[in-house]
Amino acid sequence: MYELDGRLTALRTRAAEWAGDLAAVGADLDHDPDAVHRVLDTPVMRYLATARYAPSADTPSLTSGGHRFSLDSVLEQVVFFEELAVVDVGAVLAAPGAPMAGPLVDLLGDEEQREWFFAQLRSAPTWVFFALTEPAHGSDAAGLTTRLDPDGDGFRLTGTKRYVGNAPRARLGVVFARVRPGPLGLRAVLVTAPAPGLTIEALPTIGLRGAALGAITMSSVAIADDRVLGRHLPATRRGVLSWVHVFNRIRPRVAAMGIGIARAPASTCAYTGGPCVRPHATGSTRCAGASKRSDNSTWRPPGRWMPTRRTAGWPPPPRPAPPGWPRTSRWPVWSTSAPAHALTIRCSASSSATRVAWSSWRAHRTCRS
């Protein structure tokens, strides 16, 4: 088992202190993804909005226990994001900033491109998308078909991207496209929104709606030559290798957030210091010293709140599926429960019934034969 040294323990302590601010909107993001605007002025959101995740003089200061951090190492990112995810991973994903596009611009951008890009993040809370996945090429990213066609002194971008995090909120992003067949014919370009020919729409999702997944359609979007990343690099370093490098850096962070979610049940009262008491019928676990919402619908501890499986009336009766949802035994039939932050999916099959209770940041799955 890996033991954190004093420096990383100080980072974890600071992340835990900041994470308490996420609880204020965690339960509300699934109803209203725009609720994230209520906490943009908190320390954790201000830091995430401008974090560069690379050594740089522009990296904002994060200090704790006499130590200074820039989250430029994967280990620091793992410690930091695991602690935030214990409280609410949906709020983490809703934060402004460039957690994926930033490292890519640092990797491929020239000095002028890096300065322009990160200046956008410093000027105001800015969401940045990273558009790689396409409707027909999710796991086969190298097979993407979005085109970057020459057009005079610049290019025209045409294609479709899907499942792009924070796309509906973003006014800046990175799009991967193809200039010619083969693995060396891929490029990444900087795109600003809105722009003529660029259409971004939100996708309906179940759970983690704070991530604001979107679909992007590009129809001859004008791209200036100086917005093509890696133009000063050899072709072997600006295509597939670039996103593989970025993914290798962020995958441990994603895994750490999964661990944070798994830790949540055992850490419910970590921020209040009080013992946990039995679950309430409202679907939450209350800690000593917890406060009740004014509408009497849900209990919340001051620093952390965890929805749990309801003790009665679970699962609720199914309701009709949304329009267009497939109505076969292999597809979910939606049903909702009170409190409103919980959502149940009932999957019918011949041998089992799977009930998945989605909350704003935590899922429970129970399979019964």
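Strands are DSSP runs of E with at least two residues, and helices are DSSP runs of H or I with at least four, both numbered from the N terminus. The model is predicted: local features need pLDDT of at least 70, side-chain atom pairs count only at pLDDT 80 or more, and totals for chains, interfaces and linings use all residues. Residues are numbered from 1 along each chain as its sequence is written, and side-chain values use heavy atoms, with hydrogens and water left out.

**View A. Tyr163 in strand S5.** Strand S5 spans residues 154-164 and contains Tyr163. Tyr163 is not a glycine, yet its phi is positive, about 60°. Its relative accessibility of 52% makes Tyr163 exposed (exposed means over 50% relative accessible area, buried under 20%, partly exposed in between; 1.4 Å probe, protein chains only).

**View B. Asn166 in the loop between S5 and strand S6.** Strand S6 covers 172-178. Asn166, also not a glycine, has a positive phi of about 60°. Asn166 counts as buried, at 9% relative accessibility. Most residues other than glycine have a negative phi, and most peptide bonds are trans.

**View C. The cis peptide bond between Ala193 and Pro194.** Omega for this bond is about 0°. Pro194 lies in the loop that runs between strand S7 (186-192) and strand S8 (198-202).

**View D. Trp18 in helix H1.** Helix H1 comprises residues 6-19. Trp18 is buried, with 12% relative accessible area. Leaving aside residues up to four places away in sequence, Trp18 touches Pro43, Val44, Tyr47, Leu62 and Phe80 (contact means heavy atoms within 4.5 Å). Thr42 is 24 residues from Trp18 in sequence, with a C-alpha to C-alpha distance of 8.1 Å.
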